[in-house]
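Dear colleague,

Please find below the structure that I am handing over to you. My notes on what was found in it follow directly after.

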Amino acid sequence: MSHSFRAIVVNKVNDRFVISIKDRSIDDLPDGDLLIKVEYSSLNYKDALSASGVKGVTKDYPHTPGIDAAGIVEESKDKEFPVGSTVIVTGFDLGMDTSGGFSEYIRVPSRWAIKCPDGLSTRDSMMIGTAGLTAGLAVASMENKCEIRGSKTIVSGATGGVGSIGVNLLSHLGSEVTAITGKIESTELLMELGASDVVDRGEFIESTRLPLNKGMYNTALDVVGGAILSSIIASMNYNGVIAICGNVGGPKFDTTVFPFILRANCLIGIDSAGCPIENRKVIWEHFSSDWKLNNLERISRVVDLENMIPEIQKILEGKQTGRVLLKL
Ligand SMILES: NC(=O)c1ccc[n+]([C@@H]2O[C@H](COP(=O)([O-])OP(=O)(O)OC[C@H]3O[C@@H](n4cnc5c(N)ncnc54)[C@H](OP(=O)(O)O)[C@@H]3O)[C@@H](O)[C@H]2O)c1
C-alpha cells in the first residue's frame, strides 16, 4: 500500500519549529509489523515538548508528534494482531523519534500494541490515553503500599490530563481527594470529578512549612515537581505514599531526609513510556471494568487535525483542562 494520508508535521526552519498539516505517504512511515489506521489520538504534555524541539523528546525533524494512538490494524505481520483488530499504542518511542499518532496512519512494532479491551472503544481509550495510563500506574503503585479506600489523597496539576483522571479515579476508588490547582475557577469541575476540597496552588505552597508540615495526606499524585512537590512531601502522614510523574513546575525540589526517616514516607517514580506491556494490560483491563470512569466525556474535547495545532501551544502553557482528543 502506498497511498497518501494527512498528518501534523513539525519542521525545523532556521531555529524555529513550525507546525503544519501535510500529505504523507505510507512508504515514509518507519518499519514495523503493524500498519494502523488511526481513529483517535490524544494530546499529552510530551507532544508539546516534541513539537517545540525539546531534544530529550525528539531529535530529528521533520517529525509527526503524538505519543498516543488507537485504531484498526490494516496490515499485520503478527498473527496475535490480525487485520481488523482494534489496538491501542501509547508511549515507547511513538511520537518521540517514531512518527506519531497525530496522523491518519502509524506503523509500529507489534510489541508496542495492546488489544483494545472489550468495553472500551478507540474513543474511550484515547480519553484515557497516556494521561490515564499514568494516573492508573500511580494508583496501582499506591495500592501496593496502602489501602486507597478511606485514604486522604492530594493531587497536583489537578485540571490537567493526568491530574483530572487521577482525581476522578482516586475518588472512584473511595479516597478523599484534595485537588491542587492554578485554576481555582475550575473548582466546580474538580468537585464533579470527585474532589472533596480544592486548594489554590500558590496558597498551598505558602501555607506549607518545609521540610515537615502538619501531616494531612496518606497518598499523593504529583505531576508538577518543584515547590508543589516539596510542599506535598512535607504534608504527608506517617507511611505516606507519593507517586511522582511530571515536572511542569520544574525538575528540582526541596526536602530533607526527615519526611522519610521520621514519617516512613515513600516516594515512587512513575514511567508510562517504558512500562512493560504486561503491566499496561492490567491497567487497561481495570479501566474497562472496575475502574470504568463515567466522567471522561465531561473532561474531553474532540478536535480535528487543523484544530489540534493551537491546542499544542495551550498545553505547553499549562492552560489545558482535561483531555483533548484528536479524531482522524
Ligand atoms: N512519567 C510519565 O510516564 C508521564 C506520563 C504522562 C505525563 N507525564 C508528565 O506529567 C506532567 C503532566 O502531564 P499532562 O499531560 O497531564 O499535562 P497537562 O494536561 O498540561 O497538565 C499539567 C497541569 O499542571 C498544572 N501546571 C501547569 N504548569 C504549571 C506550573 N508551572 N506550575 C504548577 N502547575 C502547573 C496545570 O494544572 P492546574 O492549573 O490545575 O494546576 C496543568 O493543567 C508533565 O510533566 C508530563 O511530562 C509523565
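**Strand pairing and crossover**

In strand 15, V303 has L326 as its bridge partner. This pairing belongs to a set of four bridges that join strand 14 (residues 300-303) to strand 15 (residues 323-327), and the two strands run parallel. Two strands are taken to pair if DSSP finds at least two bridges between them. Helices (H or I, at least four residues) and strands (E, at least two) are DSSP runs, numbered from the N terminus. Together with helix 9 (residues 305-316), strands 14 and 15 make a β-α-β unit that is right-handed; that is, with the strands pointing away from the viewer, the path from the first strand over the helix to the second runs clockwise.

**Basis of the model**

The model is predicted: local features need pLDDT of at least 70, side-chain atom pairs count only at pLDDT 80 or more, and totals for chains, interfaces and linings use all residues. Residues are numbered from 1 along each chain as its sequence is written, and side-chain values use heavy atoms, with hydrogens and water left out.

**Ligand site**

There are 27 residues around the ligand, of which T159, G161, T181, I270 and S272 come nearest; a residue counts here if one of its heavy atoms lies within 4 Å. The side chain of T181 places an N or O atom 2.6 Å from an oxygen atom of the ligand. Backbone atoms also take part: a polar one of V162 is 2.9 Å from a ligand oxygen, and a backbone N or O atom of Y45 lies 3.2 Å from a ligand oxygen. The ligand taken alone exposes 910 Å², of which the protein buries 87% (Shrake-Rupley method, 1.4 Å probe).

S175 lies in the loop between helix 3 (161-172) and strand 9 (176-181). S175 is buried, with a relative accessible area of 7% (buried means under 20%, exposed over 50%, partly exposed in between; 1.4 Å probe, protein chains only). Its side chain makes polar contacts with the side chains of T153 (2.5 Å) and S151 (2.9 Å). A polar contact is a pair of N or O atoms within 3.5 Å; within protein, one must be able to donate a hydrogen and the other to accept it, and residues adjacent in sequence count only if both atoms are side-chain atoms.

**Cysteines**

The structure holds zero disulfides (pairs of cysteine sulfur atoms within 2.5 Å). The sulfur of C245 is too far for a bond, because the closest cysteine sulfur, in C275, is 13 Å away. C266 is likewise in no disulfide, with the nearest cysteine sulfur, that of C146, 9.2 Å away.

Yours sincerely
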